[in-house]
Amino acid sequence: MTASRWTTIYLVIAAIMLAILAMLYAAVPVKDGVKDWTGQLIPGFWMAWTFPVALFFWCIAALLILMTLLAIRFPETPRVGILRIETTRGDRLFITLLGSAFIHLAWLYFAGPDALWGALLLSLAYAAAVFRWV
């Protein structure tokens, strides 16, 4: 494929993802003139979809789309890292997401929910290490 076709594909996918994000933002309920970030996006729905939950799944979808595009545009051969197993970008993403979940759960247990930014920073450092050395 030519570079201009890839640019078009990137722009279309980015526009679609931004439109979905804008729709999620617009769906945030307003209570007393203020956005209720933890209010249900769909009142009375069987699952309590809040903006943070929807944003989390939007980020996961964006990561999966990015990894798919990278795999198509720049195919890779598996590499062996410090775990001594062959891993691809997708494997490293899975290891990163799983490890980040455990980091956040441990952070909640030991530090509580007040300072979750620390868990996020620790998870980002963990992700960088996994993608570099695993």
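The model is a predicted one.

## Overall build

The protein chain has four helices and four strands. Their order along the sequence is α-β-β-α-β-β-α-α. The radius of gyration is 18 Å, well over the 14 Å that the globule rule gives for 134 residues, so the chain is more spread out than a compact globule. Along the principal axes, the C-alpha atoms fill a box of roughly 55 × 45 × 25 Å.

Of the 134 residues, 21% count as buried. Contacts can be sorted by sequence separation. Take those between residues at least 6 apart in sequence: 45% of them join residues at least 24 apart.

Charge comes next. The chain carries 9 positive and 6 negative side chains. The centres of these two sets lie 13 Å apart.

## Selected residues

| Residue | Relative accessibility | Class |
|---|---|---|
| T87 | 1% | buried |
| M17 | 11% | buried |
| R89 | 18% | buried |
| F74 | 45% | partly exposed |
| I82 | 63% | exposed |
| R84 | 65% | exposed |
| D32 | 77% | exposed |

## Helix α1: M17

M17 sits in helix α1, which covers residues 3–26. Its relative accessible area is 11%, so M17 is buried, the cut-off being under 20%. Which residues does M17 contact, leaving aside its neighbours within four places in sequence? They are W58, A61, A62 and I65. Helix α2 spans residues 51–73. M17 and L98 are 81 residues apart in sequence. Their C-alpha atoms are 24 Å apart in space.

## R89 and F74

R89 is found in helix α3, residues 89–111. R89 is buried, at 18% relative accessible area. Beyond four places in sequence, R89 touches M67, L70, A71, F74, E76 and F131. The backbone oxygen of F74 lies 2.6 Å from a polar atom of the R89 side chain.

F74 itself lies in the loop between α2 and β3. It is partly exposed, at 45% relative accessibility. Not counting residues up to four places away in sequence, F74 touches L69 and R89.

## Strand β4: T87

T87 belongs to strand β4, and that strand runs over 86–87. Is T87 buried or exposed? At 1% relative accessibility, T87 counts as buried. Its side chain makes a polar contact of 3.0 Å with the side chain of R92.

## The loop between β3 and β4: I82 and R84

I82 is in the loop between β3 and β4. R84 lies in that loop too, with β3 at 79–80 and β4 at 86–87.

I82 counts as exposed, at 63% relative accessibility. Which residues does I82 contact, leaving aside neighbours within four places in sequence? The partners are W133 and V134. I82 and V134 are 52 residues apart along the chain. Their C-alpha atoms are separated by 5.4 Å.

## The loop between β1 and β2: D32

D32 is in the loop between β1 (30–31) and β2 (34–35). D32 has a positive phi of about 60° although it is not a glycine. A relative accessibility of 77% is over the 50% cut-off, so D32 counts as exposed.

Terms used
Residues are numbered from 1 along each chain as its sequence is written. This is a predicted model: local features need pLDDT of at least 70, side-chain atom pairs count only at pLDDT 80 or more; totals for chains, interfaces and linings use all residues. Side-chain values use heavy atoms; hydrogens and water are left out. Helices (H or I, at least four residues) and strands (E, at least two) are DSSP runs, numbered from the N terminus. The radius of gyration is taken over C-alpha atoms; the globule rule is 2.2 Å times the number of residues to the power 0.38. Buried means under 20% relative accessible area, exposed over 50%, partly exposed in between (1.4 Å probe, protein chains only). Contact means heavy atoms within 4.5 Å. Lys and Arg count as positive and Asp and Glu as negative; His and the chain ends are not counted. The place of a charge is taken as NZ of Lys, CZ of Arg, CG of Asp or CD of Glu. A polar contact is a pair of N or O atoms within 3.5 Å; within protein, one must be able to donate a hydrogen and the other to accept it, and residues adjacent in sequence count only if both atoms are side-chain atoms.
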